[in-house]
Amino acid sequence: MDKLSALIFDVDGTLADTERDGHRVAFNRAFGEAGLDWFWDEGRYGDLLRVTGGKERIRLYVSEDWPDLLEAADIDERIRALHAAKTRHYLSLLETGAIPLRPGVRRLLLEARAAGLRLAIATTTTPDNVTTLLRTTLGEDGVAWFEVIAAGDIVPAKKPASDIFDVALLGLGLPPTACLALEDSENGLRAALGAGVPTVVTTNGYTRGQDFTGAIAVLDGFGEPGAPVAVQAGTAPGSGYVDVESLVAWHRAAQSSR
Ligand code: XBP
Ligand code: MG
């Protein structure tokens, strides 16, 4: 039986609630700046979240709302340019401190470090978005807390494909069974399980109600002392919130059910 050695965190929706008030806002600013009257409200954005990756999301929207545009010879270039502007707006938003970590994340990261657990990231988003979020929320050395940051276009197939987790595992030099993934979405869960990594899901407004079959535990957040989590599936953490003890217990349970 492998002992738990590393935690592999998703970013968007897991470390921070970035989608509704971060990425969505940045996409809309990029559209406005380009002179387009496109606007993604909260509901439409939730629907478009079924694909991961910002460029992929713009392409999905164009295919659904402006299908003729897909025929344009320069469509790839236009999507790339829109996405570059979106990343610029997103980074500016992060720099204002508008996007905090989810409750319990900082505490859990500190506990995990103190317990000697190694930390990694497997995400679909652009690498600069990850390092900027870590710096603006955890401080200058926040990026260095993570031994491996697997992000964005380094893999051709984004989540739910397992490729980004394969890259993270390679970087850690660990078998999937020595790790635990923390995800917020069905796409993320499929990606992690596809790489063989047992997964705990903490849901958010956009992902609540998705199919989390195969997760070791499904909770509505990480919780904090005095602010317990609601448990949708799996064993409740003894302390009422996600701590290293509960992660070790879930990992052990995943190992024995293999
Ligand atoms: C995150 C995403 C990303 C972000 C936007 O998915 O889907 O596309 O919304 O990032 P996950 P970019 O949390 O499953 O990794 O615009 O930088 O692609
Ligand atoms: Mg996510």
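A residue is called buried when its relative accessible area is under 20%, exposed when that area is over 50%, and partly exposed in between, using a 1.4 Å probe and the protein chains only. This is a predicted model, in which local features need pLDDT of at least 70 and side-chain atom pairs count only at pLDDT 80 or more, while totals for chains, interfaces and linings use all residues. Residues are numbered from 1 along each chain as its sequence is written, chains are lettered from A and ligands numbered from 1 in the order in which they are written, and side-chain values use heavy atoms, with hydrogens and water left out.

Of the 258 residues, 52% count as buried, and the C-alpha trace spans about 55 × 35 × 30 Å along its principal axes.

Next, select the magnesium ion (ligand 2) and look for its protein donors, which are Asp-10 (OD), Asp-12 (O) and Asp-184 (OD), at 2.1 to 2.2 Å from the ion. Donors here are N, O and S atoms within 2.8 Å of the metal (3.2 Å for Na, K and Ca), and because water is not among the atoms, sites may look incomplete. Asp-10 lies in the loop between β1 (6-9) and α1 (19-33), whereas Asp-184 lies in the loop between β4 (179-183) and α8 (186-194), so that this pair, 174 residues apart, links distant parts of the chain.

Are Asp-10 and Asp-184 buried or exposed? Asp-10 counts as buried because its relative accessibility is 4%, and Asp-184 counts as buried at 5%.

Just after the helix, Gly-196 takes a positive phi of about 85°.

Finally, select Ala-192 in α8, which is buried with a relative accessible area of 0%. Which residues does Ala-192 touch, not counting those up to four places away in sequence? They are Phe-165, Ala-181, Val-197 and Thr-199, where a contact means heavy atoms within 4.5 Å. If you also select Phe-9, you will find that Ala-192 and Phe-9 are 183 residues apart in sequence and 10 Å apart in space, C-alpha to C-alpha.

Technical notes: Helices (H or I, at least four residues) and strands (E, at least two) are DSSP runs, numbered from the N terminus.
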